[in-house]
Amino acid sequence: MRGRLKVLDFYTTWCKPCKRFEPIFEAVASKMRGQVDFRRLDAEDDSNKALVDKYDIHSYPTVIYTDDTGGVI
């Protein structure tokens with residue numbers, strides 16, 4: 001059985017477009033709960049460094065769609 005689509009939102013706390021995008025992202029995440037996995041990730045938090053590096057994130061906000069293996073789709 002395949003896993004669900006994942007939507008990753010990379011943001012920073014100082015990014016104004018990220019702040020404007022947050023309620024939109026959260027509304028869609030709420031509407032799609034149980035169908036798609038949504039995660040917001042502070043790109044400057046050291047605990048997210050591996051994902052920032054993996055997906056080569058350099059601007060914010062950046063939204064990545066992945067399959068169940070973590071591959072970008």
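Let me begin with a question: is lysine 49 buried, partly exposed or exposed? Lysine 49 has a relative accessible area of 46%, and is therefore partly exposed. Please bear in mind that this is a predicted model.

The side chain of lysine 49 forms a salt bridge with that of aspartate 53, with 2.8 Å from N to O. Both residues belong to helix α2, which covers residues 49-54; because they are 4 residues apart there, about one helical turn separates them. Aspartate 53, at 47% relative accessibility, likewise counts as partly exposed.

The count for the model is 4 salt bridges. Among them is one between aspartate 9 and arginine 40, whose side chains meet at 2.9 Å, N to O. This pair links distant parts of the chain: aspartate 9 is in strand β1, residues 6-11, and arginine 40 is in strand β2, residues 37-42, 31 residues apart. How do the two partners stand in terms of burial? Aspartate 9 counts as buried, at 0% relative accessibility, while arginine 40, at 21%, counts as partly exposed; the cut-off for buried is under 20%.

Arginine 40 also forms a salt bridge with glutamate 22, where the closest N and O atoms are 3.3 Å apart. Glutamate 22 lies in helix α1, residues 16-31, and arginine 40 in strand β2, so this pair ties together parts 18 residues apart in sequence. Glutamate 22 is partly exposed, with 34% relative accessibility.

Notes
Residues are numbered from 1 along each chain as its sequence is written. This is a predicted model: local features need pLDDT of at least 70, side-chain atom pairs count only at pLDDT 80 or more; totals for chains, interfaces and linings use all residues. Side-chain values use heavy atoms; hydrogens and water are left out. Helices (H or I, at least four residues) and strands (E, at least two) are DSSP runs, numbered from the N terminus. Buried means under 20% relative accessible area, exposed over 50%, partly exposed in between (1.4 Å probe, protein chains only).
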